[in-house]
Amino acid sequence: MRVALVTFATAVMVLRAVVFTEARSPILIVPGLTGSQLYKTWLLDPSISTGLWIGIDDCLDVNSALKDLSLVFNPATGRYQNQSGVDVRTFGFGDTCKTEYLFAHLLQDGTGCDHQLPIMPYFDTMVKYFVEQYPQYYKRGVTIRAAPYDWRLAEDQLQASGYYSRVQSLIETMYRDGGYAKVTIVAHSMGGPVSLFFLNNVVTQQWKDTYINAFIPLSGAWSGGNAALEAVISGHESLSLYFFLRILCFDLPPSLQLALRSATRTFPSVSTLLPKPSVWGNTVLVKTPNRCYTANDYEALFADMNHPLGFEMYTSTSIINEGFPAPNVPVFCFYGTDVPTPETFIYDSGFPNTFPLVVNGSGDGTVNLLSSEVCLNWANQTQPFQNVTFPGVTHGEMVSNKAVLRAIENILLNGNGPTSSSMVMRHCSLYY
């Protein structure tokens with residue numbers, strides 16, 4: 001067993017000791033919440049799809065777009081479906097274009113990658129970095145690819161939809177196209193638990209040993225983020241739905257946050273991102289004039305929010321990734337620290353329809369440190385493990401920060417990166 005807790009500074013020192021000339025592991029990108037474009041197809045005319053997330057129609061009629069994004073939950077079956085008459089799907093599976101940029105436009109050919117507009121950047125910096133640094137090896141759609149998904153869904157619904165079967169086939173194809181080199185999974189935010197479910201529930205250990213070089217979660221939302229709790233209570237202004245709409249549409253009324261809340265409450269993915277009792281215990285997360293709530297009090301909280309269906313949605317997803325079992329592949333757990341991150345929400349008598357006083361703790365601005373550190377439980381897995389922190393790097397910056405990109409590059413060049421049981425370091429304060 002090889003275990004190391006290191007910082008990026010350590011990785012750089014090891015990299016400088018050896019000169020590498022060629023990367024040798026294909027990259028599969030798994031995006032996070034809101035990190036895949038979604039398209040709406042009217043069932044009456046399926047020949048044309050319109051960009052739903054995130055598209056210009058979102059600004060022209062925000063309420064209509066949010067209704068189309070919303071899911072319908074059937075508590076009797078535990079299943080979710082789209083709004084009547086609407087089919088929502090992703091395009092570009094296997095390509096990077098729809099994760100490099102998130103602006104979704106009108107599609108007539110079912111792909112649209114040739115005409116992707118460079119608006120709302122996401123993974124563009126990372127993809128360009130590796131394509132330009134190693135043009136002989138990294139090529140879009142061949143050795144650097146992406147697995148976009150319907151981020152409204154939880155992992156069990158993604159499995160039922162066939163998403164994970166496609167991911168498995170894609171990795172096998174990348175392995176062959178990359179010269180029979182094992183694939184590195186780079187996952188951001190919710191993409192971390194989405195990938196963890198795949199590694200623990202879909203494929204065998206023999207398959208992982210054959211096809212996976214490393215798993216690099218960036219700001220993995222293992223125990224969610226407390227901001228997700230605020231989002232379902234009263235709407236959260238820095239939740240990515242509101243953030244992206246505000247950038248694209250410029251001027252949005254404050255009341256939109258409550259409309260976003262209504263849509264957000266229908267997403268089982270957000271239910272999986274609520275703080276886990278196993279991580280937060282009896283820590284008070286929400287305060288109102290009448291009582292305090294911990295992660296063990298969701299039934300009472302949802303009842304007091306007049307949203308009892310929310311508790312049914314939560315219980316139906318709470319067993320996903322339960323216990324956070326180690327994936328037993330080489331893991332490099334990357335996350336930002338020392339950024340004020342919402343932790344406790346104090347409401348006045350207007351609960352749940354007013355916005356709270358937010359008490360911050362440590363994290364990356366979105367995912368709390370306690371959630372990010374869940375991966376430390378994997379240090380005793382039989383495969384190598386490293387925990388790498390990036391002080392001051394925010395949640396969104398983890399996919400473009402130069403220090404992060406160079407650390408990923410080091411892993412790709414080293415095969416499994418620098419791992420030594422004697423390489424136990426504390427956090428550094430190196431910024432790029």
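At what angle do helix α7 and helix α8 pack, and how far apart are their axes?

## Packing of α7 against α8

In this predicted model, helix α7 (residues 163–177) packs with helix α8 (residues 191–201) at an angle of about 80°, and their axes lie 11 Å apart. Since angles of 65 to 115 degrees count as roughly perpendicular, α7 is roughly perpendicular to α8.

The α7 side of the contact consists of Tyr 163, Tyr 164, Val 167, Gln 168 and Ile 171, which meet Val 194, Phe 197 and Phe 198 of α8. Sorted by class, this contact of α7 with α8 comprises 7 nonpolar residues, 1 polar residue and no charged residues.

## Aromatic cluster

Ring pairs join Phe 93, Tyr 149, Tyr 163, Tyr 164, Tyr 175, Tyr 180, Phe 197, Phe 198, Trp 207 and Tyr 211 into a cluster. Among these residues, Tyr 163 and Tyr 164 of α7 and Phe 197 and Phe 198 of α8 also take part in the helix contact.

Phe 93, a member of the cluster, has Arg 166 over the face of its ring, at 4.2 Å from the ring centre.

## A ring pair in α16

The structure contains 26 aromatic pairs. In the pair of Phe 311 and Tyr 314, the ring centres are 6.2 Å apart and the planes stand at 35°, so the pair is tilted. Both residues belong to helix α16 (residues 308–317), where a spacing of 3 residues separates Phe 311 and Tyr 314 by about one helical turn.

Phe 311 is partly exposed, with a relative accessible area of 23%, whereas Tyr 314 is buried, at 9%. The cut-off for buried is under 20% relative accessible area.

Key: Residues numbered from 1 in each chain as written. Predicted model: local features only at pLDDT ≥ 70, side-chain atom pairs only at ≥ 80, totals over all residues. Heavy atoms only, no water. Axes fitted to C-alpha atoms, helices over the stretch in contact; angles between N-to-C directions. Helix = DSSP H or I, 4+ residues; strand = E, 2+ residues; numbered from the N terminus. Parallel < 35°, antiparallel > 145°, perpendicular 65-115°, else oblique. Contact = heavy atoms within 4.5 Å. Nonpolar A, V, L, I, M, F, W, Y, C, P; charged D, E, K, R; others polar. Phe/Tyr/Trp six-rings, centres within 6.5 Å; stacked < 30°, edge-to-face > 60°. Buried < 20%, exposed > 50% of the residue type's maximum accessible area, 1.4 Å probe, protein only. Lys NZ or Arg CZ within 6 Å of the ring centre and 35° of its normal.
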